[in-house]
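Here is a short report on a predicted model. Please look through the sequence and the structure first.

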Amino acid sequence: MKGLIEEGSEIVQATGDPDAIDAALIAAAQRVEHYEISAYGTARTLANELGYDRTAALLDEKLDEEAQADKLLTKIADGGIFRSGVNEQAATQS
Ligand SMILES: [Fe+2]
């Protein structure tokens, strides 16, 4: 996770096409969400296996939150919130 955060920080400091930087930032944020989804998913499975039902339920809620964040980032990248997505804007700028 520390490496993913550092990667995002490098993108924030990057110079160049702002649309390409936006697309790269979204991709970096999604890598963080995917890491979180993997970690919470594994922890939830272990909690279920050990019979920690309340913990598993809480981890399931966190998984839903992370999945929603990932979907929102995809919408921003592919369009749906803005007329066209950040990825499309980045592609047309180059
Ligand atoms: Fe997250």
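## Helix α1 against helix α2

The axes of α1 and α2 cross at roughly 170 degrees and come within 9 Å. Axes here are lines fitted to C-alpha atoms, for helices over the stretch in contact, with angles from 0 to 180 degrees between N-to-C directions. The two helices, α1 and α2, are therefore roughly antiparallel. That term covers angles over 145 degrees. Helices are DSSP runs (H or I, at least four residues), numbered from the N terminus.

Contact means heavy atoms within 4.5 Å. On the α1 side, L4, I5, E7, G8, I11 and V12 take part. They meet I21, A24, L25, A28, R31, V32 and Y35 of α2.

Buried means under 20% relative accessible area, exposed over 50%, and partly exposed in between (1.4 Å probe, protein chains only).

E33 and E36 both sit in helix α2, three residues apart, about one turn of the helix. E33 counts as buried, at 13% relative accessibility. Leaving aside neighbours within four places in sequence, E36 is in contact with M1 and E66. E36 and L63 are 27 residues apart in sequence, yet 8.0 Å apart in space, C-alpha to C-alpha.

In soluble globular proteins, nonpolar side chains tend to be buried together. The largest nonpolar core here has six residues: A23, I26, L73, A77, V86 and A90. Helices α2, α3 (53-78) and α4 (86-93) each supply at least two residues of this core. A nonpolar core is a set of buried Ala, Val, Leu, Ile, Met, Phe, Trp, Tyr and Cys residues joined through side-chain atoms within 4.5 Å.

What does V86 touch, leaving aside its neighbours within four places in sequence? V86 is in contact with D19, D22, A23, I26, I76 and A77. I76 lies in helix α3. I76 is partly exposed, with a relative accessible area of 22%. I76 and A23 are 53 residues apart in sequence and 9.1 Å apart in space, C-alpha to C-alpha.

## Around A47

A47 is in helix α2. Is A47 buried or exposed? A47 counts as buried, at 5% relative accessibility. Leaving aside neighbours within four places in sequence, A47 is in contact with Y52, T55, A56 and L59. A47 and A57 are 10 residues apart in sequence and 9.0 Å apart in space, C-alpha to C-alpha.

## Basis

In this predicted model, local features need pLDDT of at least 70 and side-chain atom pairs count only at pLDDT 80 or more, while totals for chains, interfaces and linings use all residues. Residues are numbered from 1 along each chain as its sequence is written, and side-chain values use heavy atoms, with hydrogens and water left out.

Notes: Parallel < 35°, antiparallel > 145°, perpendicular 65-115°, else oblique.
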